[in-house]
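Morning, everyone. Please bring up the model, and we will go through a pocket and a sheet.

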Amino acid sequence: MADTSQKPNTKGLYIKTYGCQANVYDSERMRDVLKPLGYAPVDSPEAAELVVINTCHIREKATEKVFSELGRLRDLKQANGGTLRIAVAGCVAQAEGEEIMRREPAVDMVVGPQSYHRLPEMIARLSRKTGDVLETDFAAEEKFDALPKTRDVSGASAFLAVQEGCDKFCTFCVVPYTRGAEFSRGADAIIAEARELARQGVKEIVLIGQNVNAWHGAAPAHDGRGGEWGLGDLIRHVAKIGGVERIRYTTSHPRDMADDLLGAHRDVEQLAPFLHLPVQAGSDRILKAMNRQHTAADYLRIIERARAARPDIAFASDFIVGFPGESDADFEATLQLVRDVGFAQAYSFKYSPRPGTPAAGMQLQVAEAIKDERLARLQSLLNAQAQAFNDATIGRKISVLFSRDGRRDGQALGYSPYMQSVHVDGGAHMTGRMAEIEIVGATMTSLKGRLVAATAEATA
């Protein structure tokens with residue numbers, strides 16, 4: 001929870017974040033960028049001098065949701081005499097920036113996901129009433145170079161952006177148009193940021209990017225081998241940082257599952273045995289229409305190789321049902337792929353046209369009723385697999401990183417290496433720590449655990 005107690009001369013900052021892990025990271029870095037200007041986080045727009053809406057453009061009606069939120073903020077701005085400043089950031093800002101400024105005069109600034117490092121300059125221009133207050137340049141390298149070298153983190157887990165943008169151009173997706181081309185941060189900068197996070201007590205580092213496993217970069221001079229690193233090499237070196245007890249990465253593309261990354265799953269103890277690898281569909285015909293540039297067989301071979309490298313690995317994925325032209329046979333191929341893999345978790349959605357993407361203009365759009373029926377069938381299968389995976393953990397002892405208090409007094413909530421939510425009674429003292437937990441119960445969405453004797457004695 002944000003600290004609502006403001007020091008004299010500080011200004012309240014409220015950021016509302018929609019969408020993916022990259023947006024969460026961007027919101028955290030916006031706080032870092034604005035801190036030197038005296039902005040401090042508050043818990044509500046009513047307590048703020050600056051409100052930032054950090055938007056996501058992936059799902060249907062994203063723009064309409066932004067304008068609905070802006071309508072409420074406009075009323076708040078009018079109620080406090082117009083002193084509230086409103087900024088729109090993120091992917092909707094990138095795609096619809098000029099339209100936002102035109103339709104909603106209450107908005108003071110619009111800034112894209114590669115330009116938010118310029119917020120202090122934009123605020124200065126706004127105060128002087130000079131210059132443009134719309135920034136939507138694609139400047140990922142400039143952004144990372146300009147961000148503060150230190151971060152203000154409070155939890156035991158933190159996102160660390162290593163890669164931005166996408167060159168895959170799936171026909172249903174807006175990301176290449178809102179995040180720009182693929183860009184990999186330098187290894188030295190990433191490792192320095194990871195060390196800073198560990199120094200602040202972060203125990204789990206989550207490497208993130210739109211296609212995180214596309215990351216590559218020159219090996220640092222101290223590596224001694226020269227050449228180029230892939231994500232597996234980077235993970236091996238982050239794992240050497242003292243205090244880093246768990247590493248995860250998300251989100252990956254099947255095209256970029258290289259040997260060095262699978263080898264890291266085999267060799268790096270801190271790397272969680274969990275892979276979120278979106279497939280979207282199980283039909284080769286639909287995968288080709290989506291421009292996924294892999295087949296169902298390619299995907300299944302990756303799963304097989306990952307299991308050979310790390311037998312206890314579990315998988316998550318993303319699915320779209322009702323893509324234009326999807327037949328009953330195509331959908332059955334998706335169900336069969338799900339049965340073949342067996343997923344621990346999954347995210348599934350009905351296809352919705354995104355303006356400006358090739359799929360939006362395709363023929364043979366699938367009727368909503370058919371999408372509804374297919375989504376229900378797919379989710380029924382995926383839910384059964386998630387329940388079976390969670391049930392299989394009962395009786396096991398697993399490592400859990402505790403992040404916050406649970407709903408009941410004395411209860412702690414954490415996450416397993418497989419991203420399962422775990423709650424433990426009598427564990428409130430465990431927040432911010434990692435401990436071995438025996439799983440004693442399971443639902444489809446969470447696990448119940450208890451402290452093992454050795455852990456309980458060590459923390460008494």
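How many nonpolar, polar and charged residues are in the lining of the second largest pocket? Eight are nonpolar, nine polar and none charged. Nonpolar here is Ala, Val, Leu, Ile, Met, Phe, Trp, Tyr, Cys and Pro; charged is Asp, Glu, Lys and Arg; the others, Gly among them, are polar.

Ground rules. This is a predicted model: local features need pLDDT of at least 70, side-chain atom pairs pLDDT 80 or more, while totals for chains, interfaces and linings use all residues. Numbering runs from 1 along each chain as its sequence is written, and side-chain values use heavy atoms, without hydrogens or water.

A pocket is an open set of points on a 1 Å grid over the protein atoms alone where a 1.4 Å probe fits, with protein on both sides within 12 Å along at least five of seven lines; lining residues have an atom within 4 Å of a point. Volume is the space filled by probe spheres set on the points, joined across faces, edges and corners.

This pocket has about 330 Å³. Of its 17 lining residues, Gln-345, Ala-346, Ala-386, Met-444 and Thr-445 lie nearest the centre. Helix 13 gives the most, five residues. Helices (H or I, at least four residues) and strands (E, at least two) are DSSP runs, numbered from the N terminus.

Three strands form an open, parallel sheet, ordered 14-15-16. Strands pair if DSSP finds at least two bridges between them. Strand 14 (274-276) and strand 16 (345-350) each have a single partner, so one side of each lacks a neighbour in the sheet. Six bridges join strand 15 (314-321) to strand 16. Asp-318 stands opposite Tyr-347 in strand 16.
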